[in-house]
Amino acid sequence: MDSSIAFILLQDGVVSGSIYALLGMALVLVFAVTRVIFIPQGEFVAFGALTLAMLVDGKLPGTVYLLPLLGGVVFLLELGRALRLRSGAALPRAFLANVVLPAVLFWLTSRLTGADTPLWRNMVLTLLLIVPMGPMVYRIVYQPLAEASVLVLLITSVAVHFVLVGMGLVFFGAEGWRTPAFVDGQVDLGVTMWSAQSLFVVATSLVLILALWLFFGKTLYGRALRATAVNRRGARLVGISSTISGSITFTLAALMGAISGILIAPVTTIYYDTGFLIGLKGFVGAIIGALASYPVAAAGALLVGLLESFSSFWASAYKEVIVFTLIIPVLLWLSLRGGGHSEAEE
């Protein structure tokens, strides 16, 4: 291996690692706040990439049908809750968020979809279609199980993963999709040439990570999520709603998944089930961070990207095995030092 090949592999590893870092941080966030090991995180990546690719191709994406379906289920659940409590105060808001909003997005997408639609508009539409699915999934699946054990929540996440993969096949089909590069050209960094697309992916990931840091450190909702992550009972005692915290958390997870899908769409061909493997690599980074530390999870995800890139050169047939084997020494180390996330007393 000469230096030119090493720099190419380094570039690929940094690009992949930056995307895995977003997913790893999302997994840490969801687990810290809700105790859910969110295996379906990868499905939001696949849905984001497939939605953008179909919009770029001038076709109506399957998410315009999936979003009203999920919204309808959420509204029925809220209607049943209102009937049990004999209080309809929350119904107007639930109707607007879960019935009216998906219908408006369906109409808006059908009107704006076309081969000549600007790329930035397709990106915005993609985010608008994917992000609301996060709190909807939380309301349908995880909110009723908020007091369940971590094991029950893990089994539920596996079930949600299979359901979303099946929905992806139904609404997107088995065909693979890919988008053109967002930015063309090469950038001379002195020691090597980097593609402008790679720099765009890395810069976007860094901007999003910085935005999350500002959100958690400077905003009221961000501090509320941090408090919930530290002590759920204490957060409830001071008036922080665990339901609202969970909904915001899943919204952020869906946002990070959708942006990751948008970023990865020009890099590789995405199928309805591709997100699972991508999400697992982000999960490896989250495990390195013991499902508790955001900086360590991001650094671990970057390590995963570099390891995957260089493994593809030395032993391409075993690159996935090498990446996932990284979990074993990390788990052994966490076990020996007695670290990791301990479930807060409820």
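Of the 346 residues in this chain, 47% are buried, where buried means under 20% relative accessible area, exposed over 50% and partly exposed in between, using a 1.4 Å probe and protein chains only. The model is predicted, so local features need pLDDT of at least 70 and side-chain atom pairs count only at pLDDT 80 or more, while totals for chains, interfaces and linings use all residues. Residues are numbered from 1 along each chain as its sequence is written, and side-chain values use heavy atoms, leaving out hydrogens and water.

Let's start with the overall build. The chain has 15 helices and two strands; these are DSSP runs numbered from the N terminus, with helices (H or I) of at least four residues and strands (E) of at least two.

Now look inside. The largest nonpolar core holds 82 residues, and Phe-38, Met-133 and Tyr-142 have the most contacts inside it. Such a core is a set of buried Ala, Val, Leu, Ile, Met, Phe, Trp, Tyr and Cys residues joined through side-chain atoms within 4.5 Å. Helix H1 (residues 3–34) gives this core its largest share, 15 residues. Leaving aside residues up to four places away in sequence, Tyr-142 touches several residues, including Phe-38, Leu-153 and Phe-250; contact means heavy atoms within 4.5 Å.

Finally, find two helices side by side. The axes of H2 (residues 41–56) and H7 (residues 150–172) come within 10 Å and cross at roughly 10°, which makes H2 roughly parallel to H7. Axes are lines fitted to C-alpha atoms, for helices over the stretch in contact, with angles from 0 to 180 degrees between N-to-C directions; angles under 35 degrees count as roughly parallel. Among the residues that meet here are Phe-47 and Met-54 in H2, and Leu-164 and Phe-172 in H7.

Conventions:
Parallel < 35°, antiparallel > 145°, perpendicular 65-115°, else oblique.
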